[in-house]
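Reader: Please show me the model, and then take me through some of its packing and pairing.

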Amino acid sequence: MRILCDEMLNGIAQWLRVAGYDTTVPTPGLPDDQLMNRARAEGRWLVTADSDLLGFSEAADYVIYLQGGDDEARLRELTQRLDLDWCRAPFTRCKNCNALLHEASDWEVAHYYPGSIRLDGQSVWACSSCCQLFWEGSHVRRMRAQLEAMNRWR
Ligand SMILES: [Zn+2]
């Protein structure tokens, strides 16, 4: 399953990536017709909070309009609409840029690691696109707990 989130839903896009779903966000200001074309061309669900997109004749085929007022309400609705499994493949994609993560090499850790926390043999993953590193620290543990909580909405 591939997803395109409109620019208003960046927080939702990040959670989808954390769970391992291939999720892109268009550059801000992309006109609606181009947004529709891109979703169709790439075979993506177009997840949006913009009801104007429902006016396109083919909207029923691949547009998912979320009415919820905040991210949590929208994440709940999306979980049910797409039958999302938040624990499907967590931490396999970069939450910032959607590229796949790989196990970081010693070179990557040495060059990209901010260095304020000791890693002590923990698993470290690197993004091959934006060079962000992720490791099993308290932030990742909190996100795992959140993913498990979201799976209870299924
Ligand atoms: Zn990245």
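Author: To begin with a bridge, Ile64 in β4 is the partner of Val47. Strands here are DSSP runs of E of at least two residues and helices are runs of H or I of at least four, numbered from the N terminus. Residues are numbered from 1 along each chain as its sequence is written. This is a predicted model, in which local features need pLDDT of at least 70 and side-chain atom pairs count only at pLDDT 80 or more, while totals for chains, interfaces and linings use all residues.

Reader: In which sense do β3 and β4 pair, and over how many bridges?

Author: Two strands pair if DSSP finds at least two bridges between them. For β3 and strand β4 (residues 63–65) the sense is parallel, and the number of bridges is three.

Reader: Which residue of β3 stands opposite Ile3?

Author: β1 and β3 also pair in the parallel sense, over three bridges. In that pairing, the residue of β3 opposite Ile3 is Trp45.

Reader: Which residues of β3 point the other way from Trp45 and Val47?

Author: Trp45, Leu46, Val47 and Thr48 are all buried, where buried means 20 or more other C-beta atoms within 10 Å of a residue's own, exposed means 12 or fewer, and partly exposed lies in between, with C-beta atoms placed from the backbone. Trp45 and Val47 point one way from the strand, and the other way point Leu46 and Thr48.

Reader: Are α1 and α4 roughly parallel or oblique to each other?

Author: The axes of helix α1 (residues 10–18) and helix α4 (residues 71–81) come within 10 Å and cross at roughly 50 degrees. Axes are lines fitted to C-alpha atoms, for helices over the stretch in contact, and angles run from 0 to 180 degrees between N-to-C directions. Under 35 degrees counts as roughly parallel, over 145 as roughly antiparallel, 65 to 115 as roughly perpendicular and the rest as oblique. The two helices α1 and α4 are therefore oblique.

Reader: Which residues of α4 does α1 meet?

Author: Contact is counted when two C-beta atoms, placed from the backbone, lie within 7 Å. From α1, Gly11, Ile12 and Trp15 take part, and in α4 they meet Asp71, Arg74, Leu75 and Leu78.

Reader: Against which elements do the buried residues of α1 pack?

Author: The buried residues of α1 are Ile12, Ala13, Trp15, Leu16, Arg17 and Val18. They pack against β1 (2–5), β2 (22–24), β3 (45–48), α4 and α6 (138–151).

Reader: Is Gly20 buried or partly exposed?

Author: Gly20 follows α1 and has a positive phi, near 100 degrees. Its place is in the loop between α1 and β2. Gly20 has 19 C-beta neighbours inside 10 Å, so the class is partly exposed.

Reader: How many residues apart in sequence are Gly20 and Arg93?

Author: Leaving aside neighbours within four places in sequence, Gly20 is in contact with Arg88, Ala89, Pro90, Thr92 and Arg93. From C-alpha to C-alpha, Gly20 and Arg93 are 5.5 Å apart in space, and their separation in sequence is 73 residues.

Reader: Which strands stand at the edges of the open sheet?

Author: Three strands form this sheet in the order β5-β6-β7, with antiparallel pairing. Each edge strand has a single partner, so one of its sides is left without a neighbour in the sheet; the edges are β5 (101–103) and β7 (133–135).

Reader: With which residues is Phe134 in contact?

Author: Phe134 lies in strand β7. Phe134 is buried, because 20 other C-beta atoms lie within 10 Å. Neighbours within four places in sequence aside, its contacts are Phe91, Leu101, Trp125 and Val140.
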